[in-house]
Each structure stands twice: as structure tokens, then as C-alpha cells.
Amino acid sequence: MKSFFNLESWRGRSLRNRVALATVVVAGLALAVPGASTATTKSSSKPLIVWIDTSRIPYEQAYMKANPGANIKWVIYNGNENGTGVLQSKFALWNRIGWPSVAPDVMFDSQNYDAVQLGTAPYNDLLNLSKYVPASVLKGYAGHSMSACTTPSGKIVCLRNDTAADVLWVNQGLYTKFFGKAPVPTTWSGIVADGQMLKKSHPGYTVGDIGDEFDDDFIYWGNGCPLDKVVGANTVEIDPTNLACTKINNLLDNSGLEGNAITTTYVFAAGGFPAAKVVMMVGPLWYGTAVFENGKKAPDGVPNGTMAAYPPPLSVLGQPITGALGGGLWLVSSHSSQPAAAAALAEYMSTSPKVQAVGVDAGLPDYTPDQAAYVGAFGSVFANPVTSGKAWETAAAEVWNGWGPTPWSTDAAWASTVVPGVTATPPSTLGKQMNSFALALANDARLAGWTVKSTSKCINSFGGSGC
Amino acid sequence: MLARHYAYRIIAILILLVFAAFFFGPIVWLLLAPTKTDSQIINQTPLAFGSFGTFGHTFHQLISYEGDLVLTWLKNSAIYSFGGTALAVLAAIPAGYGLALTHFVGRRALLAITLVVMIVPATALVLPLFLEANTVHLVGTVWSLILPFGFFPFGVYLAYIYFSTTIPKDLIGAARIDGAGEWGVFRRIALPLATPIVALVAFFSFVANWNNYYLPFVMTYDNSQYPLQVGLPILLGSSPSINPVAATGGQAVIYRPEMAMATIIAIAPVLIVFLFAQRTLVAGMLAGSTKE
Amino acid sequence: MTDPLVTVAPGERASARRGRRSRWRRERPPVGGSRTAGYFFVALYVAMLLCLGVAPTVYAISLALRTSHGLGVGNFVDSYHLPQFIPAFKHVLLFEAIWLVSQSVLVVALALMVHNLSRRVSATFRFIFYLPGAMAGAASVVIWLFMFTPTTSPFAFIEHALHYTLLANTVTPNNLPVLFAIMAFWTGAGGWIVVMHGALNNVPTELIEAAEIDGSNVFQTALRIKLPLIRKWVVYMLVLSFAAGTQLFVEPQILGIATGGEVPPQWSPNQLAYYLAFQLDRFNEAAAISVDLLVFGLLVAVLIVWRGKLFEVQ
């Protein structure tokens, strides 16, 4: 019988094994260092911790230039984008174990509807800024935009950063070529009429789109259709049968333009509808730089001096309201050990002209005193810079406050119900998809524990049986 | 008869080629994507080759994202995964051996509990693990991930199957009669024969750790502690090709080629391990079947 | 060695009913040896099992049972009544059905086909098949995101045939179970093909030769000889795949991020649990859903193993 106790070979092998294991263990112990690797400012007092997203880096630079040596630790995170819920999850965990010292004092949040959720039960993690920010400053924000920062009990839990109000973008050159000296439309029917003319005489151009992930913000929010209307504490009105909703659906569905002069392809990234063929389009302020910008930034952009902004169209019921898409918030944690300093920083970021004037890509400040300087900085990027600037300021004040803030994304519901329908072959219509859209919204509301008020049989039935 | 065999063989090869294209095609696309620019990816045929220059540019863009954050993520993934794997092997191999080849009260119960725990959804355990880690002040440290990663019941089960089917029982019995202590038996008989199962357990543990999303998302405090798995969706969200709102602010550097390159970086280590460990893996995986 | 508790019977029923137990008796440790040394070998693992396996599971169950009125099933009832609950389970069941049926058929068929080829060719195919296994998780979703977008995908000819021109067309809600099945198959099939191939290697060649002499063709040999002998691996594959599938999370989550919500954030039960916990701070209902998934996975696993053994051929 072969001896398995050949000591030399087994000892050698197992020794090697042992050494290997030991190395791993020692290396592991040497790794016992706390994970955070962002450099801290060397100061005896605790720095203010500020969480920002990559788009706010120019803001950080502007701030540090204006306040050199400030004791602030800037941390980059994803801005709570797209429903990733980073803030919600961190707050939920920290509420259970106690807020650690690495928790942020100030945060930039790219989701407009977060503040009220994080500032009320079960979170209750945001500082009431009405105690720290003067009333005169709070009144300086455009239109009703601060309603997204006001809890039902009246606490101010955030400050707006930029406004992303919808305006009517017009390709000045194309418009003059096709419509001569005719004034730019001021109503949705006017836009549709122009679209019908284009379809007949100049096919291949567009006056709008309904195939993008967030067109509900232009089409329904901008027309006062109550699909996300907060009517009480944790109560939302979702009413697809409202006249505003049916009127805009009929106008667009009966225009004969869907899939044609109203494209169902997205206009954004490369591969979508070419931006150079957009004659006009209702879209947020920052379309100017993100979609229509100079060719060297976006693959399908248009040259500087091409696009002009006009005031948004009146709603289908004749009201001077508009929707919005985006615009961020500055939040202050109620667990901060330096609430006054944190609130002051948030106020500075939100209102200081030095910060808010940074870069044409960042978006129009929501704080009205800063708007003129920002608009003036545009120069030759847009056609008619003066009227464009005025259009922006008008739009910012006209954002309808009957849409949110609710702790769910209306865009996500739109993307999962309407977009598949209208982009399919053959395409469905807005009217046909309306009930499933509204039902998805109602389900989101009920999941979040909200009460849904509606006159629609479909919404009020359980599981959509009445649709 | 021969002709029919021949025909069947041709058809089989054709079918296999179709499936090979299905399995391999996306990988080829992925490898070629960083050599093209964003518009080339859209406008040219999908499997066209771009240029090496573009490849370099893509790499530079990706690494420059927030100060080589992607490389930090890669480093984190390596630390968490290797650390977890080392611990998993350290625990699972002896445990599998003990379950297979020694007697002790509660042996079968331990096996049963192991099987059950394998089916518990990871989501359910995240909050309790977080609370536990917090109690011992490990949240935000590498240990908050290495320790849970080291718990690998599937590895124990694999080791149990391996040891109970490949080590001749008479051998163990004889060694025991010869007077070797239990540790001696393990060291001299089981360990030398354990290379395939160590490789197998290490491999599965490594892949599972590398691809884990939930736990790192919860246990880390900020971007710089994320592993690549958690970082990839963040990159996706900051790419204007995917998320249009990311185009605002003018800081966007991540387009489709950069996304593809980030994905390559995210899978490269596992792929390399796959390639090198091929033979041992297959041997280990089949060990259980040979004794049926 | 006869054991009075188990009738050593040729009848399959006996071994089926005592399926688990007789298997354990077969894999019983060798004689002799210390009765306590075993504890040292499993010590580290048991410590981790208790701290990182048992304790969290117990805590999760207690979370699920803790309601505002003390212990009870309130969370299970409440989560059941959420509008997204039943659709989420329907989605996952549909996904599992499509995936497991197609994977079983295709894995076995491909393994059989590969097994008949020459060694080099066979090894090359097997390698290509299991390469995607290295890309589980977020990476595979990003890859398939590009595959599902008609403007970038090498499979665009399929998408154009279906009149899909945008990602939004491919990822429409009705397609989702199929898409996730495709992704799961892509990453998982290769490994199982290798396993089946190995199992096929152990089929005694005498049996195959005897069958061929008897006149059976390739298909009959496969169906009557090879298949029954690799059955146990197919059952393993079904059980393990099913359990993994119930926990579907990363794929719908990332597709959701990439499509702006076209895949809703509560599409799968695991996503719903995550959303409840980390978006709405309702951990108790989230824990209830996780317990539902656990019980569900256990039941099906037991079912498959049970039925898998009932028709075992000696």
C-alpha cells in the first residue's frame, strides 16, 4: 500500500498552503481601514459635508473661489437621479441607527418631488428653513415654485436651485423660411396648425414629440390636467376625465400629426430625431444647451444662434401656465450639528449670483434676482437672446403648482404605459393610453399610502376593473 | 445510414453555430464598441471596427470621470471580492470536509440548515446585516462586506459533495486506524486532493462577490467605496446617451463607448479567472457526478 | 450494511419516500475517528452561519411579524393588498416558466449535440457557451441594453422584423418576461451545458453501443438512454435556477433606470420589497414579501426534488 505519509512532499505542500493562507489573512487584516477616501480639509472643527452631483462641480468651484479656505468637504454622488433613491435609502437606514458623522449637512437633489417626502413622516429628516432663511429671500423664487419645498404643515424644507420651466423652442431660421413673418404660435392649436402645414408642404420636420420618457410634463402638466394634484395631506387628485386632459388628448390625437410632424422618436441622444429638423418644440429651458447646442457638444446639435425661446403656449383652457422638467433642490439635514451654517450654505448656493451665474449649461436660476445676469451671459448661443431671456423669465413664473410634489415619479408611469403604446407599430393614441397611465399613477399613490381622489370610474375601481 | 448520420451532424453543427453567435455576438460587440465614437456605434454596422485612436480616447474619457473613480471602483471590487473569497475558502473547505467525512452530533441538521439558508432572499437579510454591522461599528469599512461575503453556504455544500464522493472512504478509515489524528487525516489526505474543490469554491465565491449589488449599496457611505457593480448603474444614469437629463451641466463624458468600456473593465477580472481556471473548474464540477 | 429503518428494496417507492434520508445514508461518513474533531472543522463556518445566516433570517422574519398591534400577519395582509403585489408575482412566474422550460430543453439539446462532436470542436463550443457566465449582474444588463436597442444591436434584423425601431419598442411591458429569460439563459446556460456534458461523459458507452446495435437512431438513443441518466442534473438545474429566478432584481432595476421607468420599479417581487424598504421606509412589509419569496422558493424546491425522485429509474 502506497504510503500517504511521505512526509517530505506532504509537508512541503501543506506548508505552502499554510503560508498562502497566512498571507491572505495578514493582508486582510492590513486592509482594516475605514473606507472613506475623499480628502478632508485639515481643520480642527468639523467640516460641513455637502453632497453634490457632477453637474454641480462648477458650483463647487465657484463657491471655493469666492470663499477660499472654507471648511467644506464636497462629496460627489449621483444626485438621487432617476428614482435610484440614494437619499431615501440612506435616510431610512440612518434613522434606525443614528446619523453618523459622515452624513451630509447639505445635499443637492435633482428630483423635485423628494423634498416634501423626506421632510415629512416617516422620514422627517429635513431642516425647517423658514427659521433660517429670511422671508424676503423666500419670496424671491419664481412664481409658485416654492410649493415643491413647502410641506402640508407649512415647513420650508428646501430651496430651489434652477427652474426647468417649459418654453416654446423655435428654430428661427426654419420658421422664417416656412412661415415668413407670421407670429410664433401662442396656443397648442396654433402649434398643431403649423404642424399640419408642415406635414403637407415640408414633410420630415417636427413641431413636437410624444415618444420621450417625460413628455407628460409638457403635455399634461403644461395644460393643467390634474393627474398629480396634491389636494390635502397625503391626498392626490388623479382625474383623467377632466376637461383639460380630454381637450389636449383630442387636439393631438385628431391632428393627424402623431408619428409625423409630431414625432414619436426621442429628440435627445444620438440616434433619435435629428435636432436640426425641429422647427419648434415645447421643451424645458435647458433643451437649449442639451439638445440644440452647438454641434461639438451634442452629436446632432444645431449651430449657435439658431434656436430662440418663446413664451410657452397657453393651456388648452386658456390659462397662462406651463409645465417643467427638472430643476434641482438644495436640502439641509435636520440632524446637522451646524444647522445655521448649513442653512446659510444652502441659501448661498441657491441665491448667490456668483454661484448661479456659472456656465450656460447649468440652467436658469429659480431665484429671480439672479435671472437677468444669467440670461445676459448667453450672448450668441441663442437667436434673439433678449426675447429668449424674457421668455425664460416668463415661463419660470408660470409653472403650474398643481403638479406634485408627490413621492413618486409621474414620468416613470408615463414611460411604462404611454410610451410603449405610442411608439408601437401601429401606434396607439394618447386618448387610448390615458386610463392605463392614470391607473399606474393611482397605483403608485396607493403604494405610497396616499388617498386618491377621482371622478373617474376607472381610477376608483380596484385593480382597474372599471377601465 | 451513414448519410443520415452525416446529415444529422451537419444540422447539429449549424444549430450550434447559431447558438454560438447568440452567446458570443454580444461579447464581440462589447469588445469592438470602445473603438468607435458614439455616432459611429449608431451609424455603422454593429460589428465594425473603429480605430485604436478612438479606443484610447474612450479609455481616457472613462478614467477621467470624476478623477479616475472607475479605477477606484475596480480596486474596491478587488478588495471586497478577494477578501471575501479568501474567507469563504478558509471556512467552507474544512466545513465541507467535516460534514462529509467526520461524525458529530448535529451533522445532518447543519447540512439541512445550510440548504435552507441558501434559498433565503438576499434582500431580506440586508437590513439585519446592516444593523449587525452597525452594532460592531463596521459600517463603511471593508469588513462590512468581506465578512458577509465570506459566508458561503453554497461553497460548503459543494465541498461536502466533493469530499464525500472523491475521497475513498477506506483510505480515511485506514488512516484513522493507522493512528493519524483527525487533523493529520485532513492535512495529508484531503487537502492534497482538494485543489479542484478549492478552485471551484473560490471561483464561485469570487464571481458571486464580484457581482453582488445589494450589500455594497447599503454598507458603503459614498461613491468612492462602491464596487464596480454598483458603479455601473451610476455611470448609466450619468450618460446622456441613456439619461437625457444628464446632458445638463456640461460635465458629461460618459457616452455609449465609455459605457461599453466600463462594462469591459467590470467583467475583465472574472473573465480572466474564467479562462485560467477552465480546466480545474470543469474537473471540480464533474467530481460529484463520477461517483454516481 | 442493512439498516432496519430502511427497507433495502428494489421498489423505487421506498427510496422515493425516503428520498432524502436514503441519500444521506449513502453518503454517510466513514467509520472511526473522533466524535468531536468535526466541530473544529466546522467551527468558523458555524460561527458565520449563526451570525450572518441564521440571526439575520430570524430578524427578518420577526420584522415581518411585527405589526403596530404586536406580533401578527398584518404585514403579510397589507403587502398582499398593494396593487403591485399580485402583478409582481405574476411577472416572475411567467418569467420563470418561459425561462426554465426553454432552458431545460435547450441546455439538454445543446449538450447532447455538443457531446457527439470531436473533443476539440466540442470543447470550443462549450467554451463559447459558458463565456457569458462571467458577465452576470449589472454588466450583462448593460450589454443587453445595447442588444435590445435596434440602432446599436447586431441582432437588429430580428428587431426590425418585429417592427421595433427604438429601445422603447423592445422593452415594452409585455415583452419583459421573455427579455429577462433571454438574459438569464445567456448567462446561465453555458455552465449547465458543461455540467450536462460531464454527466453525459459518465453514461456507460456499452449502453450506447448496445442501443445502436439494436437499431436505435440518434434521437432514440438520446431520449431513452442518455436523458434518464442525466435527469438528476436537470432537476438540480431546475431547482437552483428557480430559486435564483425568484430573486430577480438587478436586471429589471437597471433596465428601469436605463428606460426612464418603462420597466416599473416594482416589476418583480424583490424590487417591490426593495422599494418598500428603501424608498418608503416600510421595512416590515418588505420583510413580509421577502418571507413570501423564501417560502415560495422552498415549496417549489421541495416539490421539484420530490417529483424528480418519484420516477427515478434504478
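## A tour of two strands in chain A

Start by selecting strand S4 (residues 159-160) and strand S13 (residues 329-332) of chain A: the two run antiparallel and are joined by two bridges. Helices (H or I, at least four residues) and strands (E, at least two) are DSSP runs, numbered from the N terminus, and two strands pair if DSSP finds at least two bridges between them. The model is predicted, with local features needing pLDDT of at least 70, side-chain atom pairs counting only at pLDDT 80 or more, and totals for chains, interfaces and linings using all residues. Residues are numbered from 1 along each chain as its sequence is written, while chains are lettered from A and ligands numbered from 1 in the order in which they are written.

Pick Leu159(A) next; its bridge partner in S13(A) is Trp330(A).

Move to strand S6 (residues 166-171) of chain A, where six of six residues are buried. Asp166(A), Leu168(A) and Val170(A) point one way, and Val167(A), Trp169(A) and Asn171(A) the other.

Which strand pairs with S6(A) over five bridges? Select S11 (residues 280-284) of chain A, which pairs with S6(A) in the antiparallel sense; Met281(A) is the partner of Trp169(A). Finish with S12 (residues 307-310) of chain A, antiparallel to S6(A) over four bridges, where Tyr310(A) partners Leu168(A).

Notes. A residue is buried if 20 or more other C-beta atoms lie within 10 Å of its own, exposed if 12 or fewer, and partly exposed in between; C-beta atoms are placed from the backbone.
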